[in-house]
Amino acid sequence: MQCNDCPRFCKIDRKKRKGFCGAKDKIVLAKVIENFMWEEPCISGKKGTLALFFAGCNLKCSYCQNYKISHEIKGDEFSVEEFASFLTTFNMKKYSALELITPTHFSSLLIKVFQIFKSPIPVVWNSSGYENEKTISQISKFVDVFLPDFKYSDNDLATKLSCAPNYFEIATNAIKKMRKEKGKNVFKNGLLINGILIRHLVLPGQIENSKNVLNKIKKEINEPFISLMSQFVPIKQDKHFSRTILSLEYKIILNYAKKLKLENGYLQEYTSANNSFIPNF
Ligand code: SF4
C-alpha cells in the first residue's frame, strides 16, 4: 500500500518503511483522556470528550505544544480490527464527543475502523489542516465535526517551522472542502454536532501571518466559525521561539478579526500563557 494519506504523498509502503510522519501500518495511540475539558465549549460540552491522542504527526511543527507525542511514534499499537474493538470498550454516553486528535496520518486505517465501529456520539476530527481533499471526502462519511488548525499564510514560515512549503494553499483547499462536506453548522444543546470550527493560534512576532490567515478565512470560507487562540507557550525543543505572544500583538489580531467581522466563534481573551496550558503527557 503506497501512502498518500496526506499532502506529503510519500508514496511509501508503510508495511516496510516509515514516512515523514513516522507511522507504519498500525494505528498508534499515545494517550487516552476521558472527559477531556480543554476544548472550546461547543466541543467539550459539560461532559468532556473522549480524547484519543494519536502518536506522530504529518506536520511536526517545531514548537508543537504536544511535542512528546507528535514527534515520536510511541504508544499502544492496534490493527484496524483491534482498534474498532477497543472503541467498543467505552460507554460513549459518558462523553460529549469522540475526539480524534492528530489523526491525519492514520486516515486510511481509520476509514476502515469506522466501517466497523459506528459511533453513537459526534466524531470530532482535530487536525493540523494539512490534509488532502480526497481524504477529507472519504473521512466525511464518519466525521461529524472538523476542528482544523489554520496555522500559516506565510509559506516561508510554514517551511521553517513545519517543513510544509505549500501549507497555505493546501490548508485553504482542505478547509474549503471540510466546509463543503459539512454544509451549515448544526448545534444541539450548545454542542456542535455537525460542522466545522477553524482554529488559529497566534505565534510570537507573526502579526502579518495571522492577519492573512484571517483574510483568507473571510474571503474563502462560507459562514466561518472560528477560534482565535493566544496561549502559545515556547518549548525547550524549539529553537525558533523563546517567548509567549505579547498583549499588544494579540490585541492587534483580535481587533483585526473584529474589523473583518469574524466574530462568530471564540475570540479568546489575552492570557499570559505558561506551561499549565500544555497537558502533561
Ligand atoms: S501520512 Fe505519513 S507516510 Fe503518508 S504521505 Fe503523509 S507523511 Fe507520508
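Two strands count as paired if DSSP finds at least two bridges between them. I note at the outset that this is a predicted model.

**Entry 1: the sheet.** I looked up the strand order and found an open sheet of 3 strands, arranged β9-β10-β11 with parallel pairing. Which strands stand at the edges? They are β9 (198–201) and β11 (265–267); each has a single partner strand, so one side of each lacks a neighbour in the sheet. From one strand to the next, I find that the twist averages 15 degrees.

**Entry 2: β10 and β11.** I then examined the pairing of β10, residues 226–229, with β11. The two strands run in the parallel sense, and 3 bridges join them. Within this region I located Leu 228, which stands opposite Leu 267 of β11.

**Entry 3: helices on the sheet.** I next asked which strands helix α8 touches. Helix α8, residues 207–220, packs on the sheet and touches β9 and β10. I record an angle of about 165 degrees between the direction of α8 and that of β9. Helix α9 lies across β10 and β11, and runs at about 165 degrees to β10.

Entry 4: Helix α9 spans residues 247–259, and I found Leu 248 in it. Is Leu 248 buried or exposed? I recorded a relative accessible area of 57% for Leu 248; exposed means over 50%, so Leu 248 is exposed.

Technical notes:
Residues numbered from 1 in each chain as written. Predicted model: local features only at pLDDT ≥ 70, side-chain atom pairs only at ≥ 80, totals over all residues. Heavy atoms only, no water. Helix = DSSP H or I, 4+ residues; strand = E, 2+ residues; numbered from the N terminus. Buried < 20%, exposed > 50% of the residue type's maximum accessible area, 1.4 Å probe, protein only. Axes fitted to C-alpha atoms, helices over the stretch in contact; angles between N-to-C directions. Contact = heavy atoms within 4.5 Å.
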